[in-house]
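Please open the model in your viewer and get your selection tool ready.

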Amino acid sequence: MRCSRCGSVMFGVSANARGSKFAYYACRKRLETGDCDQDYVRADWIEDQLLTDVQSVFRNEALLNEVWEAAQAQLKATQP
């Protein structure tokens, strides 16, 4: 996943506050150099959105058929 502001890698981090652990994603450039002003993004929000996006891909039968056919062609090409 990339930062929408600077293109650097976003990675998962966590913090403890008031006895609770909070997971979020942060821009590497923001954390390392402070050169990006991208806000932290809650992990639960991003992970829910990612799951929704992946599920929508698996509902696209035309795309799944295309992937299946490409995989079968690749397997046939590599068989002795």
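In which helix do Glu 32 and Arg 28 lie, and how many residues apart are they? Both are in helix α1, four residues apart, which is about one turn of the helix. Helices here are DSSP runs of H or I with at least four residues, strands are runs of E with at least two, and both are numbered from the N terminus.

Before moving on, a word on the model: it is predicted, with local features needing pLDDT of at least 70 and side-chain atom pairs counting only at pLDDT 80 or more, while totals for chains, interfaces and linings use all residues. Residues are numbered from 1 along each chain as its sequence is written, and side-chain values use heavy atoms, leaving out hydrogens and water.

Now show the side chains of Glu 32 and Arg 28: they form a salt bridge, 3.0 Å from N to O. The term means a side-chain nitrogen of Lys or Arg within 4 Å of a carboxyl oxygen of Asp or Glu, and the structure has three of them.

Next, select Asp 37 and Arg 5, whose side chains meet in a salt bridge at 2.9 Å, N to O. This pair links distant parts of the chain, 32 residues apart: Asp 37 is in the loop between α1 (28-32) and β3 (41-42), and Arg 5 is in the segment before β1 (10-17). Both residues are exposed (over 50% relative accessible area; buried is under 20% and partly exposed in between, with a 1.4 Å probe and protein chains only).

Finally, pick Arg 42 and Asp 44, a salt bridge with its closest N and O atoms 2.5 Å apart. Arg 42 is exposed at 55% relative accessible area, whereas Asp 44 is partly exposed at 37%.
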